Amino acid sequence: MDRARGLLPPEGIDITEPCVVRDVADRVGDRWSLLVLGHLANAPQRFNALHRIIGDISKQVLSRTLRRLEEDGFVSRTVHDLTPPQVEYALTPMGWSFLEPMRMLLDWAEAHHNAIVRARNDFAAGQKP
C-alpha cells in the first residue's frame, strides 16, 4: 500500500481518530447534502428553486441542510436587498473543491450499484429460514 496511489491517508492524518473522518463524513454523507451541492454546482439557487428541483425534500430538511453546509463552509448565503428580500445559495471555493471527490464517489456508486443490489439480494436470500 502506498500514499501516492491513494491507498493510505495523507501524511499527518490519523483516520483512526474518529473526529476527523466522522466529523466530515457525517455532514456531507447525509441523505441530502450531495444532492444540494450537485444542484448548486450548476448555478447559485434561491431556496424555493432548490426545493422545486429536488422535489421530495421538505422545506425544513432543506433549510437544515443548507444551514449545515453553510456552517461547514461549503455554501454561502447571500441576502439581496430587494422587496421582498431574496436569499441565494452558492458554492464557496471549498464547495467547488469538493466537487471532484464527490464526482469520483458518484461515478464509483454508479459503476457498482448493480453489484451492490445483487449482493444485497444474495445476502437477503441467504438469511431466509
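The structure is a predicted model, in which local features need pLDDT of at least 70 and side-chain atom pairs count only at pLDDT 80 or more, while totals for chains, interfaces and linings use all residues. Residues are numbered from 1 along each chain as its sequence is written, and side-chain values use heavy atoms, with hydrogens and water left out.

**View 1. Packing of helix α2 against helix α3.** Helix α2 spans residues 33–42 and helix α3 spans residues 47–54; helices are DSSP runs (H or I, at least four residues) and strands are runs of E of at least two, numbered from the N terminus. The two helices pack at an angle of about 115°, with their axes 11 Å apart. That makes α2 roughly perpendicular to α3 (angles of 65 to 115 degrees count as such, those under 35 as roughly parallel, over 145 as roughly antiparallel and the rest as oblique). Axes are lines fitted to C-alpha atoms, for helices over the stretch in contact, and angles run from 0 to 180 degrees between N-to-C directions. On the α2 side, Leu 35, Val 36, His 39 and Leu 40 meet Leu 50, Ile 53 and Ile 54 of α3 (contact means heavy atoms within 4.5 Å).

**View 2. The aromatic pair Phe 74 and Phe 98.** The ring centres of Phe 74 and Phe 98 lie 5.5 Å apart and their planes stand at 80°, so the pair is edge-to-face. Rings of Phe, Tyr and Trp (its six-membered ring) pair if their centres lie within 6.5 Å; planes under 30 degrees apart count as stacked, over 60 as edge-to-face and the rest as tilted. The pair links distant parts of the chain, 24 residues apart: Phe 74 is in the loop between α4 (59–71) and β2 (75–80), and Phe 98 is in helix α5 (residues 93–127). Phe 74 is buried at 8% relative accessibility, and Phe 98 is buried at 18% (buried means under 20% relative accessible area, exposed over 50%, partly exposed in between, with a 1.4 Å probe and protein chains only).

**View 3. Surroundings of Ser 33.** Ser 33 is found in helix α2 and is buried, with a relative accessible area of 2%. Leaving aside residues up to four places away in sequence, Ser 33 touches Arg 27, Val 28, Thr 65 and Leu 69.

**View 4. The buried residues of helix α3.** Ala 49, Leu 50, His 51 and Ile 54 of α3 are buried. The buried residues of α3 pack against α2, β1 (45–46) and α4.
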